[in-house]
Amino acid sequence: ESYLTRLRLTEPQLKCFLHISDNVLKQAQELDDKINKGEDVGPLAGVLVGVKDNICTSDMPSTGGSRILENYRAPYDATAVRRMKEKGAIVVGKTNLDEFGMGSTTEGSAFQVTSNPWDVSRVPGGSSGGSAAAVSARQCVVSLGSDTGGSVRQPASFCGVVGLKPTYGRVSRFGLMAYASSLDVIGCFGTSVADTGILLHAISGHDRYDATSSIREVPNFTPQFTSANLVESRPLKGLRVGIIRETLDDGVDNGVKSAISCAASHLEELGCTVTEVSLPSFSLGLPAYYILASSESSSNLSRYDGVRYGKQAVADELNMLYGDSRAQGFGPEVKMRILMGTYALSAGYYDAYYKRAQQVRTLIQKSFKAALDANDILISPAAPSAAYKIGEKKNDPLAMYAGDIMTVNVNLAGLPALVLPCGFVEEGPAGLPVGVQMIGAAFDEATLLKVGHIFE
Ligand code: GLN
């Protein structure tokens, strides 16, 4: 009830949710009844979860933030949602996002603009801005987002919460609306590293409905609490941390740089050895990402033809029906991505763009491998700045894309990364949070969660 009250009070201003369940208290009551009967209710019993609206749920609409799916209701729950529900979680609602996950501010939603709870004149980040802002404002306990190029980590940084992008393949994508299938992962938001780890554990593991989900065993991600004086006992003694040199170049705000160097000193106090590491192909990640993500999306979004799902235009002839449904249903950013992706995949341009971007992707994977052979984790900012004003980058897509520089490389390499608050910049009415990104070796979320838990 307390969460629902806060939701009612804050939602008119924040606009985090596209749909809110009217069934929350009833589900909580059913759980209570089970507890009273001594039945097992699962590790997430009664935990209120927000779910990004590009993740399918059978009991509420799933729009992907797009007019083309307005009022669409999926016939099934995404595997991640089903697994949470089976463990007792209650989905409180579906959170706002940039249409199909394409954007970094949540202004690209076809339905509403979400505000940052730290300063309502600012963006919450994106594309999972609704999920990050909802947890930040304590409208729900934890939430699910998706991360194709940073959409969990950058909004976590902007909203001052914990965000985790798991290794590609750790969590099933079944029921996640495909944006760029080789990069997409479902990720978690929480107010603490421990909560985020518990949520990850609940949704992870092989799923026969997603051929790219890994058969690896899922370790227990719940970090252990230590009561000792952390600075005295240096619990991270021997842990090798590499700061990625290229992420502290010009173009990164000074406030962000100093928050990251404070984070590095704190890790040293905890026993880590911190050194600089170079990823020479780092700056190539952004152009490679935008070519690959647009190419994959141009193919994935061909399913919205006005026949199988969602909105259908009135037309006399089939090609017109396809064309008009897409023209009316997609927003401008999505159309631009489809055009860029179709161009990059066209005969004659394929070798110059798509193939070249794939070669860059291999280079990036190799340089991460080398850096993570020499270090246990890597750290960087999660974004070059703190949250900026609503409208500031809306008409400048290249400036918005440039803000993804800290996160896209990690998706190209498929690695896990955790973002957690590490400082503030003096802007806005109450200061604005800054997050540090910790990047780990593939399938080693456990180390990130352990370090993050001790760090916070
Ligand atoms: N901002 C990036 C994009 O627009 C990343 C989005 C995401 O991770 N879904 O593609």
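## Contacts of a strand residue

Two residues are taken to be in contact if their C-beta atoms, placed from the backbone, lie within 7 Å. In this predicted model, I379 is, by that criterion, in contact with V241, I243, A263, A264, V436, Q437 and M438, once its neighbours within four places in sequence are left aside. I379 lies in strand β9, which comprises residues 377-381, and the residue counts as buried because 24 other C-beta atoms are found within 10 Å, where 20 or more are required. D404, which is 25 residues from I379 along the chain, has its C-alpha atom 16 Å from that of I379.

## The annotated active-site residues

An unreviewed UniProt entry carries the annotation "active site" for K52, S127 and S151. These residues are spread over 100 residues of sequence, yet they cluster in space, with a largest C-alpha distance of 10.9 Å.

K52 belongs to strand β2, residues 48-52, and is classed as buried because it has 32 C-beta neighbours inside 10 Å. Residues up to four places away in sequence not being counted, K52 touches T95, L97, S128, G130, S131, L144, G145 and S146. S151, by contrast, is placed in the loop between β4 (142-147) and α5 (153-159), and it too counts as buried, because it has 36 C-beta neighbours inside 10 Å.

## The ligand shell

The ligand is surrounded by 14 residues, of which the closest are G101, S104, T148, G149 and S151. By residue class, the shell around the ligand divides into 3 nonpolar, 9 polar and 2 charged residues.

## Backbone features in the loops

Most residues other than glycine have a negative phi, and most peptide bonds are trans. Against that background, the bond joining G126 and S127 is a cis peptide bond, with omega at about 10°; S127 lies in the loop between β3 (90-95) and α4 (129-136). F100 is placed in that loop between β3 and α4 as well, and its phi is near 55°, a positive value in a residue other than glycine. F100 is buried because 30 other C-beta atoms lie within 10 Å.

F443 also has a positive phi, of about 65°, although it is not a glycine. Its place is in the loop between β11 (432-439) and α15 (445-455), where F443 is only partly exposed, because 19 other C-beta atoms lie within 10 Å and a residue is buried at 20 or more.

Helix α2 has 13 residues and reaches 19 Å from its first C-alpha to its last, which is close to the 18 Å expected at 1.5 Å a residue. E30 has its place in this helix, residues 24-36, and counts as partly exposed because it has 13 C-beta neighbours inside 10 Å. E30 and V141 are 111 residues apart in sequence, and the distance between their C-alpha atoms is 19 Å. After α2 comes G38, whose phi is positive, near 80°.

Helix α3, residues 79-86, is mostly covered, with 6 of its 8 residues buried, namely T79, A80, V81, R83, M84 and K85. These buried residues pack against β2, β3, β4, β6 (185-190) and α6 (193-203), and among these elements β2 is the strand in which K52 is found. Just after α3, G88 takes a positive phi of about 100°.

## Helix α10

The 12 residues of helix α10, residues 318-329, should span 16 Å at 1.5 Å a residue, and the end C-alpha atoms are 16 Å apart, which agrees. Within α10, the residues S325, R326 and G329 are buried. Seen down the helix axis, the buried residues of α10 fall within an arc of 90°, so they line one face of the helix. The face of α10 turned away from that buried side carries the exposed residues N319 and A327.

How values were computed:
Residues numbered from 1 in each chain as written. Predicted model: local features only at pLDDT ≥ 70, side-chain atom pairs only at ≥ 80, totals over all residues. Near = placed C-beta within 6 Å. Nonpolar A, V, L, I, M, F, W, Y, C, P; charged D, E, K, R; others polar. Helix = DSSP H or I, 4+ residues; strand = E, 2+ residues; numbered from the N terminus. Expected span 1.5 Å × (residues − 1). Buried ≥ 20, exposed ≤ 12 C-beta atoms within 10 Å, placed from the backbone. Arc of directions from axis to C-beta. UniProt positions renumbered as here; feature names shortened; annotations may be inferred.
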